[in-house]
Amino acid sequence: MFKLISRNSINKNKIIIFKSYTTTSSSSNGSTIREWKKPSLDNSYDTGIMVKNSLYKNGNVPFLVSNCNEKNQRPISWYTCGPTVYSSSHIGHARNYMTVDIIQRILVNYFRLSIIHVMGLTDIDDKIINKSKQELISASELSKKFEQEFFEDLKSLNIKSPMFTTRVSEHIDEIIKYIEKIKENQLTYESTKSVIFDVNKFGIDRYCSLRAANQQIKSDDTLLEKDKKSSQDFVLWKAYNENIDIDGTGNPVCWDSPFGKGRPGWHIECSAMIDSIFKSHLDVHSGGVDLEFPHHQNEIAQCEGHSHSQGETQWANYFFHIGHLILNNEKMSKSLGNVITIRDFLSRYSANTLRWICLIHKYNDPLSFSDETLQLCVSKEIKFLNWFKIVRSKLKLEQTSVNKVKKTFKDSIELLNQLSETKYLVEKDLKDDFNTPSVIKRLELLMKQTNESINSIDTDLLFNVQDYIESMLNIFGLEFSENSDNIVENSNEYLLEKLLDFRSDVKNIAKNEQSLDQMKSKIYQITDQVRSDCQSEISLRISDIPDKGTNKPYTIDWLDKNHIQLLNIKKQSKK
């Protein structure tokens with residue numbers, strides 16, 4: 001565990017002041033959502049970004065970093081709910097973590113903000129215990145196996161690891177103390193030897209932070225309704241059950257506590273782990289939209305019941321919820337059995353393809369996963385790759401020609417204005433709740449405008465356009481590296497062998513074929529095969545399109561593996 005500078009030491013003797021930012025009124029029956037309190041501008045840094053905050057249902061709100069007056073006076077505190085590590089992660093999970101990765105890259109690499117990102121892993125759970133029984137291994141061994149697989153998957157997807165990762169099993173002492181404080185604040189009761197959070201004592205109006213009471217479902221714990229005073233109450237500490245809490249090696253999964261033997265409830269783990277690092281206040285909490293209720297709403301109640309028992313302030317300022325990934329009109333879910341694992345996806349597609357899918361959809365909207373969506377993203381990536389190759393080829397050719405006359409400013413002014421306008425509008429889009437779909441459309445338009453004037457503009461401007469588009473895609477986590485010089489090892493020998501084979505084949509045709517038409521047909525077949533073999537064997541693409549730069553009747557490109565994979569996918573989709 002590590003220690004951070006406390007907020008009091010960062011901004012000594014200052015209190016976080018909030019003001020109302022909603023038109024929604026409270027009610028005695030919890031039929032509305034409680035007020036979100038906007039951090040005071042007198043004591044916050046305004047990032048200039050407007051965001052969709054799940055705590056406020058009437059539009060976007062300013063993204064403010066409270067308790068600091070200057071940019072990066074303190075880092076943004078950010079917590080993400082990690083997976084319950086009992087099986088392989090699927091692309092529904094990947095959509096969540098990749099989207100958070102994209103948003104954080106925008107904040108850090110574009111807006112130059114500092115973030116401390118913590119991810120909590122659930123390594124104690126009914127599902128883990130049950131799966132360990134199936135595999136006849138300990139719950140700990142099972143969870144570590146799938147935790148390692150999860151982080152390997154993140155790396156394969158080019159998703160940056162969190163700055164710190166927390167496990168429930170390593171925070172039992174903190175969880176017990178956390179529950180004791182909530183109990184001390186008289187917000188709990190005991191039933192069947194379990195400790196339960198009393199929502200009515202906390203206040204039903206106050207409890208409705210994300211969902212109104214008439215929008216809520218029953219809390220998803222395993223206690224029977226008869227064991228709770230209210231259906232909204234939830235477990236903080238789950239009493240040990242000798243018939244259930246035994247893992248695959250026959251060992252009990254429980255810990256001693258002042259409340260008796262047992263283990264943490266699902267919701268309490270995140271609250272206690274967040275408190276162990278960020279203490280009593282959090283800037284941003286992110287997770288899948290399916291966690292909004294009851295998990296995140298219960299988290300808020302626990303944290304405020306622990307540190308703000310009198311309701312004098314709010315615990316977290318922003319909740320970012322990532323939309324479902326939909327497959328065949330249902331959300332992708334292990335419980336529904338309609339999953340595509342990350343590894344299955346990557347066996348056919350690249351990490352870039354999934355990132356494109358996330359980028360062309362608004363992060364908090366549902367994402368419909370289909371063959372049409374995949375092909376759209378493959379086509380987009382090929383379009384960008386081809387554009388980069390054309391531009392780089394032209395730049396390379398013209399930059400080596402010192403005798404070439406430079407274009408005038410007048411020739412370039414139109415594209416220069418289009419570049420400036422694109423930069424301005426892209427920043428507006430990113431400040432508008434990270435609107436990446438709109439940004440991608442603007443970059444595509446800029447490419448089109450560049451193509452229309454590519455032969456009339458100065459190469460210095462062309463380089464700046466290409467550099468801007470590439471830098472924006474890099475910010476999103478996409479990489480378009482130049483591979484023209486990375487020729488596959490032994491390619492010269494391969495090409496020499498192909499040339500000699502071709503010579504031999506042509507001689508045989510001339511010697512054996514009587515008909516001129518047959519001879520021409522055979523030669524075309526051989527040349528097509530040479531082209532196909534060069535692409536598959538040494539990543540050399542040969543096009544029967546004249547190269548204006550070299551005046552050759554053909555164009556050649558050295559492709560990277562990703563580009564070839566995309567072309568193969570597109571080719572297969574046409575069959």
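A residue counts as buried under 20% relative accessible area, as exposed over 50%, and as partly exposed in between. By that rule glutamate 427, with a relative accessible area of 31%, is partly exposed. The structure discussed here is a predicted model.

**Overall picture**

The protein has 575 residues, and 53% of them count as buried. Its secondary structure comes to 18 helices and 18 strands. Among contacts with a separation of 6 or more, 75% join residues 24 or more positions apart. The protein exposes about 27900 Å². Carbon and sulfur atoms supply 49% of that area.

**Helix 2**

Helix 2 covers residues 91-110. Its 20 residues should span 28 Å at 1.5 Å a residue. The end C-alpha atoms are 26 Å apart, which agrees. Of the 20 residues, 17 are buried, so helix 2 is largely enclosed by the rest of the structure. Arginine 112 follows helix 2 and has a positive phi, near 60°.

Tyrosine 110 and serine 471 are 361 residues apart in sequence, yet their C-alpha atoms are 9.8 Å apart in space. Serine 471 lies in helix 15, residues 459-475. Its relative accessibility is 30%, so serine 471 counts as partly exposed.

**Salt bridges**

Side chains of opposite charge can pair when their charged atoms come close. A search of the whole structure finds 26 salt bridges.

Glutamate 292 is buried, because its relative accessible area is 8%. Arginine 211 is partly exposed, with a relative accessible area of 21%.

Glutamate 427 and lysine 431 both lie in helix 13, residues 409-431. They are four residues apart, about one turn of the helix. Lysine 431 has 28% relative accessibility, so lysine 431 counts as partly exposed.

Glutamate 170 counts as partly exposed at 49% relative accessibility. Arginine 167 also counts as partly exposed, at 25%.

Salt bridges also form a network, which links Asp126, Lys238, Asp245 and Arg263.

Technical notes:
Residues numbered from 1 in each chain as written. Predicted model: local features only at pLDDT ≥ 70, side-chain atom pairs only at ≥ 80, totals over all residues. Heavy atoms only, no water. Helix = DSSP H or I, 4+ residues; strand = E, 2+ residues; numbered from the N terminus. Expected span 1.5 Å × (residues − 1). Buried < 20%, exposed > 50% of the residue type's maximum accessible area, 1.4 Å probe, protein only. Contact = heavy atoms within 4.5 Å. Areas by Shrake-Rupley, 256 points an atom, 1.4 Å probe, with all protein chains shown as cover. Salt bridge = Lys/Arg side-chain N within 4 Å of Asp/Glu carboxyl O.
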